Amino acid sequence: MDLKIDFHSNYENDLNEKKLFQTLLSLNGSINITKYWKISFHTDYDLLKNKIIFSNIIFDRDLRSFEMSFNWIKNSSWSFFIGLKDPNFRNIIQYNEKN
């Protein structure tokens, strides 16, 4: 199990005088459910707006010679991948689907 908590603030002021100030609490982590299953996540919580502004969950499965992953980004997109684990042959045999 791996967990990282990050707190950061940023301020932007561009030429149009549009100002942006954010204070975020980020959680990143992963957990190995079994020897071959892993779940990873990333979440950003805006402390000033009191809401989650980004959330991502990734499911990975080791299929010995192949690997499979499903990546879901809240209210945005998803992707599904099955392919060879070897980086030299990864693009030869693969299935990759996105929305």
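**How the strands line up**

Visitor: What makes E3 and strand E4 (residues 51-63) a pair?

Guide: They are joined in the antiparallel sense over 10 bridges. Two strands pair if DSSP finds at least two bridges between them, so E3 and E4 qualify. Strands here are DSSP runs of E, at least two residues long, numbered from the N terminus. Phe41 stands opposite Ile57 in E4. Trp37 has Arg61 in E4 as its bridge partner.

Visitor: What kind of model is this?

Guide: The model is predicted: local features need pLDDT of at least 70, side-chain atom pairs count only at pLDDT 80 or more, and totals for chains, interfaces and linings use all residues. Residues are numbered from 1 along each chain as its sequence is written, and side-chain values use heavy atoms, leaving out hydrogens and water.

Visitor: How do you know that strand E2 (residues 19-32) pairs with strand E3 (residues 37-46)?

Guide: DSSP gives 9 bridges between them, in the antiparallel sense. Leu24 faces Asp46 of E3.

Visitor: How many residues lie between E3 and E4 in their hairpin?

Guide: There are 4, and Asn50 in the turn has a positive phi of about 55°. E2 and E3 also form a hairpin, with 4 residues between them.

Visitor: Which order do the strands of the open sheet have?

Guide: The 7 strands run E1-E2-E3-E4-E5-E6-E7, with antiparallel pairing.

Visitor: Why is one side of strand E1 (2-13) and of strand E7 (94-98) left without a neighbour in the sheet?

Guide: Both stand at the edges, each with a single partner strand, so one side of each has no neighbour in the sheet. The twist averages 10° from one strand to the next. Such angles run from 0 to 180 degrees between N-to-C directions, with axes fitted as lines to C-alpha atoms.
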